[in-house]
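Please keep the sequence and the three-dimensional view at hand while reading.

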Amino acid sequence: MTPRLYELHRVLKPTGSLYLHCDPSASHYLKIILDQIFQPHNFRNEVLWHYYNKMHDRRKKLFARATDTLLFYVKDTEEDFTFHQQSEKRDEPFKQLMRKKVGGKMINARDEHGKLMYQLKEDRTIDNVFRIPCLQPASHEFLPYPTQKPLALLRRILEASSNKGDVLLDPFCGCGTSIMAAQELGRKWIGIDITATATSLIEARLFDSFNIHNGPKGDFQVIGLPTTEFEAIDLANRDKHEFQKWAISLVPRAMPWQEKKGADGGVDGFVRFKFDAMEKGTGLVIISVKGGQNLKMDDIKNLGDTMEAQKAALGFLITLVPPTGPMLKWAQDKGMVKSPQGGTPVPKVQIRTVAQLLRGDAFAFPWNSTIHGIPRAGVGQGQLNLTGD
């Protein structure tokens, strides 16, 4: 983290702030590093994010963990750095004694009859304990992403330490919650992440929530991922695992089956979808990626076996080179799938090359299906313009 924090300090505006999220296993080490880089007098707060709704594993011999740490620094306390004091509603309003200044001293206020005067306090100044629940699977925000934070947490940070038109830089943006908050609050933003899975999710979230999309003429631009077949081949030759994750990201809202390298049982990624907007039927898509120059019949047959084992509604095979005739015939013979509500059926097993996906020839979902609860009219990447073509 040290060289990264040096660079973040370098690019931070004189009026800017840095919030570093960490857990108790590393917060004390990071505090020492930040004191060295930012100087101790520019430290403002250790904020405790109190997520009071997390289940505790009673088998562990420790107190239930319910906090993470946010280390809050500014670039320079001598500058007029941005900070807006915030308040929030109390769980229970309470009566507070009224005070007044008499002869330079603050005393309790009394009415004409000498009785103490009170006022009802419904709000409280937000302190350094942020009482914000963590996300649960039932939350409407929830995505299957391991480091996802609640929007409320990022909104609070941005509202406190930025103004409309300011720039947010999140160098570890994950599934993009900070970017979503920045877009919602009228801030500009730059997000950086190491995996194509994060990029795909962020693009989909921005499209779904704000109807904005990626591309040279779009509302934002993704830099650093393959945009041509040649670049895809180069990535496959350099790092098969990263190529696999990138290829999976070409399917909107797809997630890796597992993040760690190793045997995956023929499954590289998946998408869960609903057959209609009323969520009356759930479907699973199994995704298999082949980045080699030689395709075999076993590649498509293994996908079929995995679909059967996982009870998947659809199977997608992404290839670097064109499939053989027998592979296409095998996929065609698997038949069609349609929504229980009717509509246009789609092939149960579909094969696309990377070149086809980059041209916008997307995989098809059953007509009127929804992906992660977001309406989609039977199209995939082509509609979201994920590649910038």
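The points below concern salt bridges, a pair of helices, a surface patch and some individual loop residues. The model is predicted.

**Salt bridges**

- Side chains of opposite charge can pair when their charged atoms come close.
- The count of salt bridges in this model comes to 15.
- One of them joins Lys89 and Asp123, whose closest N and O atoms are 3.7 Å apart. Lys89 belongs to strand β4 (residues 87–97) and Asp123 to strand β7 (residues 118–125), so this pair ties together parts that are 34 residues apart in sequence.
- Lys89 counts as exposed, because its relative accessibility is 58% and the cut-off for exposed is over 50%. Asp123 is partly exposed, with a relative accessible area of 35%.
- Lys296 and Asp299 form another salt bridge, with 3.9 Å between the closest N and O atoms. Lys296 is partly exposed at a relative accessible area of 47%, whereas Asp299 counts as buried at 8% relative accessibility.
- A salt bridge also connects the side chains of Arg352 and Asp361, with an N to O distance of 3.5 Å. Here Arg352 counts as buried, because its relative accessibility of 15% falls under 20%.

**Two helices, α4 and α5**

- Two packed helices are described by the angle between their axes and the distance between the axes.
- Helix α4 spans residues 177–184 and helix α5 spans residues 196–210; their axes come within 10 Å and cross at roughly 30°. Because angles under 35 degrees count as roughly parallel, α4 is described as roughly parallel to α5.
- The crossing in which α4 passes α5 is right-handed.

**A nonpolar surface patch**

- Val11, Val167, Leu169, Ile190 and Ile192 make a nonpolar surface patch of about 410 Å².
- Ile190, one of the patch residues, is placed in strand β10 (residues 188–191). The relative accessible area of Ile190 is 45%, and this residue is therefore partly exposed.

**Individual loop residues**

- Most residues other than glycine have a negative phi.
- Gln39 lies in the loop between α2 (27–38) and β2 (43–50), and it counts as partly exposed at 37% relative accessibility.
- Lys311 likewise has a positive phi, near 55°, in a residue other than glycine. The loop between α8 (297–310) and β14 (314–319) holds Lys311. With a relative accessible area of 73%, Lys311 is exposed.
- His213 is found in the loop between α5 and α6 (229–238). The C-alpha atom of His213 is separated by 6.8 Å from that of Glu203, ten residues away along the chain. His213 is partly exposed, with a relative accessible area of 31%.

Conventions. Residues are numbered from 1 along each chain as its sequence is written. This is a predicted model: local features need pLDDT of at least 70, side-chain atom pairs count only at pLDDT 80 or more; totals for chains, interfaces and linings use all residues. Side-chain values use heavy atoms; hydrogens and water are left out. Patches are made of residues with over 30% relative accessible area and no salt bridge: like charges are joined within 9 Å, nonpolar side chains (Val, Leu, Ile, Met, Phe, Trp, Tyr) within 5 Å. Accessible areas come from the Shrake-Rupley method with a 1.4 Å probe; for residues, only the protein chains shown count as cover. A salt bridge is a side-chain nitrogen of Lys or Arg within 4 Å of a carboxyl oxygen of Asp or Glu. Helices (H or I, at least four residues) and strands (E, at least two) are DSSP runs, numbered from the N terminus. Buried means under 20% relative accessible area, exposed over 50%, partly exposed in between (1.4 Å probe, protein chains only). Axes are lines fitted to C-alpha atoms, for helices over the stretch in contact, and angles run from 0 to 180 degrees between N-to-C directions. Angles under 35 degrees count as roughly parallel, over 145 as roughly antiparallel, 65 to 115 as roughly perpendicular and the rest as oblique. A crossing is left-handed if the near helix is turned anticlockwise from the far one by less than a right angle, and right-handed if clockwise.
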